[in-house]
Amino acid sequence: MEEKKNQSIPMIIQSIVICMVALAIAGFGYRSCTFVPEQKQNIRSLLVKRVQKISPDVIDPTNEGKAVYMVGEATGQGTLNDELFGLSVTDKLALKRQVEMYQWLQKKRFVHRSGKRRVEYSYNKVWKAHRIDSTKFNEKEYVNPKFDKISPAQWLLDEVKVGKFKLAPFQVKNLKNWSSLSILQAKKIPAGGRRSNQYIHFSAKEGEETIGDLRVSFKVLAPTTVTILGRQKKEHILNYNFAKENISDIKKGKVSLHSILKVPTEEEAANKDSAASDTSKFVGAIALFFGFILLLVGIRQIKKEIA
């Protein structure tokens, strides 16, 4: 009987521990659902309240040095030229000459043979807008030439504006809203070049792609709707640091402030908290149920032993 009693007591102790844990889990679920979203927000969430939403049509001096957010149309006037190819575009924000070279690309993979792990290398020919450093290749017979025959280039309008605000060159480049421009607009073809599909090719052998060949294409950045977040400095919106973090950004299209900062809205945060609390309550209730079952079994066992 003493042995059975010794088995019942640990069972009761375990059941009490399970009940206490269950109550803690359920209590956490109840507590989490009573928090308002603001109390659980991180640093970026707190910043949402500090940001001033402004109109691009008015430069308000009272916002100087403050974090601001606005949506507007990025536009500009003027002509951009690629003199080498005799190409001109008007009222575009930027013009880009993209140059790619046909070159070797090394790929590495690990294989297991005869119980040993080995490294195998393979080499493919690819078009790349930057030179792949072949001096780092495992097999030295694959050599990429220098990328110096025709250089890539980019031209920006002197002034790109969103309403009365001016965009800095780095902001224009960050838009990444490039669209292709027909090579037929190029009025000049440098020696050795020929039009082919969407590119102007510079090939060592006509009709055949060989290592070191170049191909040129053109892209433009057209006026577009943008969303900007940053610090107002006169007619510019520049970098803004908050809690040692740069939160400045420019996006194509109309993007919400919460999306730029990557934080949930109050409604989204409340729904997330509610779901988390419901899960905690459910898990707590199940654990509490099993804890009481074990407690009752232990008590009944002790009663039988006493009787």
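# Notebook: rings, charges and confidence

I began with Trp104, which is buried, with a relative accessible area of 16%. The cut-off for buried is under 20%, so this residue falls inside it. I remind myself that this is a predicted model.

I looked up the confidence next. The mean pLDDT of the protein is 81, and 72% of its residues reach 70 or more. Which elements have the lowest and the highest mean pLDDT? Helix α1 (residues 2–34) has the lowest, at 55, while β3 has the highest, at 97. I also marked residues 30–41, where pLDDT stays under 50. For that stretch the model has 17 contacts beyond four places in sequence. Where pLDDT is low, the predicted coordinates should not be read in detail, so I leave the matter there.

What does Asp82 touch, leaving out residues up to four places away in sequence? I found Leu87, Leu95, Arg97, Trp155 and Phe218.

One of these neighbours, Arg97, forms a salt bridge with Asp82, and the closest N and O atoms are 2.7 Å apart. The pair links distant parts of the chain, with Arg97 in strand β5 (residues 94–113) and Asp82 in strand β3 (residues 79–82), 15 residues apart. Are the two partners buried or exposed? Both Arg97 and Asp82 are buried.

How many salt bridges does the whole structure hold? My search found six. One of them joins Asp249 to Lys251, with 3.5 Å between the closest N and O atoms. Asp249 is partly exposed at 26% relative accessible area, and Lys251 is partly exposed at 34%. Elsewhere, salt bridges that share partners join Glu159, Lys166 and Glu235 into one network. Within it I looked at Glu159 and Lys166, whose closest N and O atoms lie 3.4 Å apart. Glu159 is partly exposed, at 39%, and Lys166 counts as partly exposed too, at 27%.

I then turned to the aromatic rings and counted six pairs in the structure. For Phe85 and Phe218 the centres are 5.3 Å apart and the planes stand at 75°, so I wrote the pair down as edge-to-face. Phe85 lies in the loop between β3 and β4 (87–90) and Phe218 in strand β13 (residues 214–221), so the pair ties together parts 133 residues apart in sequence. Phe85 and Phe218 are both buried.

Back to Trp104: its ring pairs edge-to-face with Tyr142, at 4.7 Å centre to centre and 75° between the planes. Where do the two residues lie? Trp104 is in strand β5 and Tyr142 is in the loop between β6 (116–128) and β7 (153–156), 38 residues apart. Tyr142 has 21% relative accessibility, so this residue counts as partly exposed. I also noted that ring pairs link Trp104, Tyr123, Phe137 and Tyr142 into a cluster.

The charged end of Lys96 sits over the ring of Trp178, 4.3 Å from its centre. For Arg215 I found the charged end over the ring of Tyr199, 4.1 Å from the ring centre.

Key: Residues numbered from 1 in each chain as written. Predicted model: local features only at pLDDT ≥ 70, side-chain atom pairs only at ≥ 80, totals over all residues. Heavy atoms only, no water. Salt bridge = Lys/Arg side-chain N within 4 Å of Asp/Glu carboxyl O. Helix = DSSP H or I, 4+ residues; strand = E, 2+ residues; numbered from the N terminus. Buried < 20%, exposed > 50% of the residue type's maximum accessible area, 1.4 Å probe, protein only. Contact = heavy atoms within 4.5 Å. pLDDT = per-residue confidence, 0-100. Phe/Tyr/Trp six-rings, centres within 6.5 Å; stacked < 30°, edge-to-face > 60°. Lys NZ or Arg CZ within 6 Å of the ring centre and 35° of its normal.
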